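Visitor: I'm new to this one. Can you put it on screen and walk me through some of it?

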Amino acid sequence: MAWFRRERSPLPAHEQESRVPEGLYVKCDSCKEILYRKAVVDNLSVCPKCGFHFRISARSSDPLAFRDTKAYAARLQDGKRKTGSLDALVSAVGTVGGTPTVIAAMEYGFIGGSMGVVVGEKVTRAVEKAARERMPLLIVSCSGGARMMEGTLSLMQMAKISAALARLDQARVPFISVLTDPTTGGVTASFAMLGDLNLAEPGALIGFAGPRVIEQTIRQKLPEGFQRAEFLLQHGMLDMVVDRRELKKTIVRSLKTLLG
């Protein structure tokens with residue numbers, strides 16, 4: 001007779017991460033066939049098996065049909081779900097210390113605050129409204145740069161916004177740019193650094209290419225604190241580094257000064 005008894009317990013199922021990228025396939029609502037999404041899109045969103053016509057949007061937000069580990073369309077849906085915003089920028093008209101102001105703020109949670117066609121158009125419209133209504137403009141940047149999923153279309157936004165800001169300058173309407181962590185890529189290379197007054201939060205990462213890319217390119221070790229707000233202030237690329245708790249008072253005071 002055995003003097004011990006082994007408890008039999010089933011082995012837990014091994015969960016293995018699927019190597020199939022999300023959104024790669026789509027199921028036909030009619031014939032229930034699992035279809036390769038690109039084949040459906042190339043067929044004008046008509047099922048190649050049964051001829052079922054899939055619903056398509058009146059607006060195309062994925063002109064390049066871009067895909068990396070998942071479809072760009074899926075990333076847009078994720079961004080909307082996570083942030084409750086339609087894209088990576090929110091704009092509004094309000095008062096800052098009693099001064100009517102056009103305000104635009106970037107949403108980093110929406111695909112890293114990247115600048116695509118929608119963000120570029122919204123920033124441009126904010127600039128044009130500020131010029132038309134002769135209200136100062138305040139933009140808070142927080143972005144990984146131009147949205148790679150839209151290719152050249154996203155890079156075109158840099159020129160469009162910069163041209164609009166040139167017209168704002170000609171109208172002698174002030175623009176305050178607030179750079180937060182991070183502000184990089186095409187956003188830094190366009191509107192974020194074109195303010196009449198460029199403010200930044202302490203320790204904010206600000207630059208075009210990342211530090212590792214620059215080190216690999218020039219094959220040199222970068223200085224301590226390179227591309228941080230304090231470093232840029234010392235080298236004349238920013239006007240002020242302001243603690244967030246003092247930011248509102250600083251902006252109110254600056255607007256009064258700029259407006260004379």
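Predicted model: local features only at pLDDT ≥ 70, side-chain atom pairs only at ≥ 80, totals over all residues.

Visitor: What is the phi of Ile111?

Guide: Ile111 has a positive phi of about 50°, although it is not a glycine. Most residues other than glycine have a negative phi.

Visitor: What about Leu44: what is its phi?

Guide: Phi of Leu44 is near 60°, a positive value, and Leu44 is not a glycine either. Leu44 belongs to the loop between helix 1 (37-42) and helix 2 (72-83).

Visitor: Is Leu44 buried or exposed?

Guide: Leu44 is exposed, with a relative accessible area of 72%.

Visitor: On to helices. How do helix 3 and helix 4 pack?

Guide: Helix 3 (residues 117-133) and helix 4 (residues 152-170) pack at an angle of about 5°, and their axes are 9 Å apart. Axes are lines fitted to C-alpha atoms, for helices over the stretch in contact, and angles run from 0 to 180 degrees between N-to-C directions. Helix 3 and helix 4 are therefore roughly parallel to each other. Angles under 35 degrees count as roughly parallel, over 145 as roughly antiparallel, 65 to 115 as roughly perpendicular and the rest as oblique.

Visitor: Which residues of helix 3 and helix 4 meet?

Guide: From helix 3, they include Val117, Gly120, Val123 and Val127. From helix 4, they include Leu153, Ile161, Ala164 and Leu168. The residues of this contact divide into 10 nonpolar, 3 polar and 4 charged. Ala, Val, Leu, Ile, Met, Phe, Trp, Tyr, Cys and Pro count as nonpolar, Asp, Glu, Lys and Arg as charged, and the others, Gly among them, as polar.

Visitor: And Val118: where does it lie?

Guide: Val118 lies in helix 3. At 39% relative accessibility, Val118 counts as partly exposed.

Visitor: Now the strands. Why is strand 6 largely enclosed?

Guide: 9 of the 10 residues of strand 6 are buried, so strand 6 is largely enclosed by the rest of the structure.

Visitor: How does strand 5 pair with strand 6?

Guide: Strand 5 (residues 137-143) and strand 6 pair in the parallel sense, over 6 bridges. Two strands pair if DSSP finds at least two bridges between them. Ile139 has Ser177 in strand 6 as its bridge partner. The chain crosses from strand 5 through helix 4 to strand 6, and this β-α-β crossover is right-handed. Right-handed means that, with the strands pointing away from the viewer, the path from the first strand over the helix to the second runs clockwise.

Visitor: What about strand 6 and strand 7?

Guide: Strand 6 (residues 175-184) and strand 7 also pair in the parallel sense, over 4 bridges. Leu179 stands opposite Ala200 in strand 7, and Ile176 stands opposite Leu197.

Visitor: Which residues of strand 7 are buried?

Guide: Leu197 and Leu199 on one side and Asn198 and Ala200 on the other are all buried. Both faces of strand 7 (residues 197-200) are covered.

Visitor: What joins strand 7 to strand 9?

Guide: 2 bridges join strand 7 to strand 9 (residues 240-241), and the two run parallel. Leu199 stands opposite Met240 in strand 9.

Visitor: Which peptide bond is cis?

Guide: The bond from Asp181 to Pro182 is cis, with omega near -5°. Pro182 is in strand 6. Most peptide bonds are trans.

Visitor: Last one: what does Gly186 touch?

Guide: Gly186 touches Met115, Gly145, Ala146, Met158 and Phe208, not counting residues up to four places away in sequence. Contact means heavy atoms within 4.5 Å. Gly186 is in helix 5 (residues 185-188). At 6% relative accessibility, Gly186 counts as buried.

How values were computed. Residues numbered from 1 in each chain as written. Heavy atoms only, no water. Buried < 20%, exposed > 50% of the residue type's maximum accessible area, 1.4 Å probe, protein only.
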